[in-house]
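Here is a short note on charged side-chain pairs. Please keep the structure open while you read.

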Amino acid sequence: MTTPTLPQSHDTDVLVVGAGPTGLTLANALALRGVRATVIDRQAAGDHTSRAAVIHARTLEVLEPLGVTATLVARGLQAQRFTIRDRDRVLIPIGFGDLPTRYPYTLMVSQAVTEQVLAERLVALGGRVLRPRTLVRLTQDADGVSATLDDGSTLRARHVVGCDGMHSAVREQARIPFSGGSYGESFVLADVRLSGDALPHDEVVLYFSPAGMVVVAPLPDGVHRIVAVVDEAPEHPSAGFVQALLDARGPRRQRATVQEALWGSRFRVHHRLADTYRAGRVLLAGDAAHVHSPAGGQGMNVGMLDAMTLADALQKALAGDDAALDGYGAARRPVAQQVVKLADVLTRMATVRPGLRLLRNAVLRCVSRLPAVRSRMAWRLSGLVYR
């Protein structure tokens, strides 16, 4: 499929706002299709913190045409299992080894690495990110969209895609409602170095202890990601704070000792979904279109899969099939609804009242005896159910 010659009145075919994993994936996919795209981001440089750290099997499959999957796998850590535990007792063991995929595992890799790999690939394809550039205003007409930036310049594009996160300026400018709410609890996130062998190095563990929830996930270079629900999380969690969480909620038989806290933050969790993914020539992808709890590690993955689907739709639209853009939303929004629902179920399970936690754990242990339940969860967590 060929793309029509760009009219002189347009600076670019597609303006991508936001250079996170979703925006970079979209820019790469468009470049491979011969579509001229311009990427802007408000940050002067890419973020060097780890934030999202999970890439699932389905995402690795879909990214293969971009030529980045092998690099990501080489730089990541392969987690073979996901388990839900009550301290030392396994409630639900979920293995990925039997899944029909070339990637029967969860790839643990820092988001900073993911963005670096995608950015380097974009440069190799002749693209780049304009930094720092902040979107101020969008106006669209029958022929295109005019984007005014904070430096006073204006970019004229045939389509604009908001990949600019939960507080999306693109979504606000397009006046697309973002329906949903937030949870009352706060979450703490920290990357730490642990000593000893109390925690597995190839397994993601979700602890549903009577004291509360904590996730412990291995990362490359001997680092572990800790995520926990707390009443009031500190802005910068210390090693002592994380140690107290693990002592109260993590393994009991053998203590996991925090040697060093490398990085940490706190956040509130929202569950929201854009009412539509399209407003004329403006489209949304990633966190600009859907946000939810980190439970299940789906957020970044859904955004990257949005981008791959949208690249196809934009190529068709630029060739004259404008209905393809509606098809993008029709295909991807129901997936986001399912992911938001799954994350909500896991989050509400993790945050039940203390008096119900023992009952919750007993029910989970009984349910886990059914192989079909474990298999279904493996398919959902890996993203393969959305093939």
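1. Start with R102. This is a predicted model, and in it R102 is exposed, with a relative accessible area of 54%. That follows because exposed means over 50%. The side chain of R102 forms a salt bridge with that of E64, at 2.8 Å from N to O. E64 is partly exposed, at 31% relative accessible area.

2. Now place that pair in the chain. R102 sits in the loop between β6 (89–95) and β7 (106–108), and E64 in the loop between α2 (57–63) and α3 (69–75). The two are 38 residues apart, so the bridge links distant parts of the chain.

3. Compare D191 and R225. Their side chains meet in a salt bridge of 2.5 Å, N to O. D191 belongs to strand β12 (residues 178–195) and R225 to strand β15 (residues 223–230), so the pair ties together parts 34 residues apart in sequence. D191 is buried at 5% relative accessible area. R225 is buried too, at 6%.

4. Look next at R33 and D312. Their salt bridge spans 2.7 Å, N to O. R33 is in the loop between α1 (21–32) and β2 (37–40), while D312 is in helix α7 (residues 299–318). They are 279 residues apart. R33 is partly exposed at 22% relative accessible area, and D312 is partly exposed at 33%.

5. How many salt bridges are there in total? The count is 17. Salt bridges also form a network, which links R81, R85 and E203.

How values were computed: Residues are numbered from 1 along each chain as its sequence is written. This is a predicted model: local features need pLDDT of at least 70, side-chain atom pairs count only at pLDDT 80 or more; totals for chains, interfaces and linings use all residues. Side-chain values use heavy atoms; hydrogens and water are left out. A salt bridge is a side-chain nitrogen of Lys or Arg within 4 Å of a carboxyl oxygen of Asp or Glu. Helices (H or I, at least four residues) and strands (E, at least two) are DSSP runs, numbered from the N terminus. Buried means under 20% relative accessible area, exposed over 50%, partly exposed in between (1.4 Å probe, protein chains only).
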